[in-house]
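Me: I am new to reading models of this kind, and I would like to go through one slowly, feature by feature. Could you show me how to approach it?

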Protein chains: 2
Amino acid sequence: MSELLPYLESVAKEIDLMIDRYFVDRVGELNKASAHLLTAGGKRLRPAVVMLSADAVKRGSSQDIIQAALALELTHTFTLIHDDIMDGDTLRRGVQTVHTKWDMPTGILAGDVLYARAFEFICMAKASDTAKVRAVSMLSRACADICEGQHLDMSFAKRNDVDEYEYLEMVKKKTGVLYAAAAGIGAILAGSSPQQAKALYLFGLNTGIAFQIQDDLIDLLTPAEKSGKDRASDLREGKQTLIMIKAREKGIDLQKYKRDLTDEEIDGAIKELNDGGIIADVKSFAHDLVAVSNKHLSLLPPSKERQLLMEIGEFFVTRSY
Amino acid sequence: MSELLPYLESVAKEIDLMIDRYFVDRVGELNKASAHLLTAGGKRLRPAVVMLSADAVKRGSSQDIIQAALALELTHTFTLIHDDIMDGDTLRRGVQTVHTKWDMPTGILAGDVLYARAFEFICMAKASDTAKVRAVSMLSRACADICEGQHLDMSFAKRNDVDEYEYLEMVKKKTGVLYAAAAGIGAILAGSSPQQAKALYLFGLNTGIAFQIQDDLIDLLTPAEKSGKDRASDLREGKQTLIMIKAREKGIDLQKYKRDLTDEEIDGAIKELNDGGIIADVKSFAHDLVAVSNKHLSLLPPSKERQLLMEIGEFFVTRSY
């Protein structure tokens, strides 16, 4: 992955510059609230997938469609702002969540503003109008799916019998489709064939599911100082993650941790899960998903960008924050 | 207005049929929550403005772009669902608000789903891709403005010194721009010249401002059984409406009514405002806006549809619910 991390850094810098240009130093509290989470860091992974997918289809096209890369980051950030309200989370990317720093109404509106601007930025890309219409359609369907995924996720919190199939359906919608749309939109705006767009869409979908599984591992395993989120919030809330489901299958009921937990109690839960082989099982599941998803990329001609996309999948399931 | 009301009824029927087709009887609680307010009636005025504007530019084009008419209704409904959460309202269109019947998270998501589908439906219209990209841009900018308008509106609730200029800026964004976008999108998708699109946009903008002023009058004057909303909620919440501002200018401070009110107390407030000439002043302000806005329509060739657009403005400021 020697080339991936510098590439991701360069994309993050470009996106950060655009965010500075379009979202920072604008007057009014709502503009400040909309910019708050956007400017609090973030790895800009979805923009990187947009740009790599475009370049994998037509080298050099990513610069023409960088507005669409930003659009995917705006979409992602809008969903985080709204999810934080629904989940009652107070910390994100190391800063207060929007509805905590301001209030719930401002949080709803800050998300709604970014939502609107995502579609505006897609339309600003240098691409054919036909491609832009397809990209807008793809993004809008992704957004509707994300809502369903978040709703499913919340409905799972009232249950303790969610199975693996249900979990994967939820994660596909909540996280997979936005990576799918990132790859698909990059391809479409670069003028791909329908087959190439589909291959990249499916690559993004599966890699995105693996990303979320890794995110659930990070929620449990990475200290708050490093992740910028409340540690083990899933455990404390009794969330039906793949960790929880695979643990239950092996007779470990994590519902007993559904309460306030000390750091020692969290460490105890991790030990129990390691001893039971659960953590290893879940990691292996995510790795397998990435291996399968990379096969979709074989439809594209070999290129540096195709290689970087494969490395992104690998990166998704090995990162610790 | 002998032809307007049957026309509005026919548009409402068409839109209702599309809502039945695309939003009703779908499985899942989130789909039910998204459909709840859509199917609770509503006069479908924004769709009517889309269709009349299209036909005023090119007769017969409205049937090709009816998906865009639905898109404007979806956008409007998404803003209502989110506004009801922020404003804590429990009743809308004679039914429980979404976050009351379900819960706050489902309300946020139900709005977000309709938001996404608005953009999807714009893309489904039969029009050139170039026109659709312009329409998506216009809708996205309108949505961002609406958020700013709602935020301004809420910030006004903490003040008692909002002036007429500030109020009009807020209403322009909160209500005006969506009527402007309705008229502009109808024109653009029908293949209008930029001049025609601008004229229709400005018609919608001014008529929309008049619409909101009338809405504020209705909130005060129309009984809940007829309006389907909590009566005099603006008065009880101390909202800075044009009524409040013009009353203050004449030495009547409506802040004394910022509390729970009996029907008799509301009637007393109305008498005070009638005696002071406030209600008449506000009505006249709205009528003047419609008169000015109709001048923008003179750029279009005379047609039955242009006439109906003028009558819509008149209807907006004479309706009692």
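What follows is a conversation that takes a few features of this structure in turn.

Reply: Before we start, please note that this is a predicted model, in which local features need pLDDT of at least 70 and side-chain atom pairs count only at pLDDT 80 or more, while totals for chains, interfaces and linings use all residues. Residues are numbered from 1 along each chain as its sequence is written, and chains are lettered from A and ligands numbered from 1 in the order in which they are written.

Me: What does the secondary structure of chain A come to?

Reply: Helices (H or I, at least four residues) and strands (E, at least two) are DSSP runs, numbered from the N terminus. In chain A there are 15 helices and 2 strands. The radius of gyration, taken over C-alpha atoms, is compared with a globule rule of 2.2 Å times the number of residues to the power 0.38. For chain A the radius is 19 Å, close to the 20 Å that the rule gives for 321 residues, so the chain is as compact as a globular protein of that length.

Me: How much of chain A is made up of buried residues?

Reply: A residue is buried if 20 or more other C-beta atoms lie within 10 Å of its own, exposed if 12 or fewer, and partly exposed in between, with C-beta atoms placed from the backbone. By this count, buried residues make up 56% of the 321 residues in chain A.

Me: How are the two copies of the chain related?

Reply: Two copies of a chain are related by a rotation about an axis and a shift along it. Copies are superposed by least squares on the C-alpha atoms of residues with pLDDT of at least 70 in both. Here a rotation of 180 degrees with 0.0 Å of shift along its axis places chain A on chain B, with an RMSD of 0.0 Å. The copies are thus related as by a two-fold rotation axis, and A:Asp129 is the residue of chain A that comes closest to that axis, at 2.7 Å (C-alpha).

Me: Which elements of chain A give two or more residues to the side that touches chain B?

Reply: Two residues are in contact if their C-beta atoms, placed from the backbone, lie within 7 Å. The contact takes 31 residues from chain A and 31 residues from chain B. On the side of chain A, the elements giving two or more residues are helix H4 (66-87), helix H6 (104-124) and helix H7 (129-156), and H7(A) gives the most, with 15 residues. Of the interface residues of chain A, 100% are also interface residues in chain B, so the copies meet through the same surface.

Me: Which residues have the most contacts inside the largest nonpolar core?

Reply: A nonpolar core is a set of buried Ala, Val, Leu, Ile, Met, Phe, Trp, Tyr and Cys residues joined through C-beta atoms within 7 Å. The largest one has 224 residues, and A:Ala68 and B:Ala68 have the most contacts inside it. Leaving aside neighbours within four places in sequence, A:Ala68 is in contact with residues including A:Val50, A:Phe121 and A:Leu189.

Me: Is A:Ala232 buried or exposed?

Reply: A:Ala232 is buried, with 21 other C-beta atoms within 10 Å. This residue is found in the loop between helix H10 (224-227) and helix H11 (233-237) of chain A, and A:Ala232 has a positive phi of about 60 degrees although it is not a glycine.
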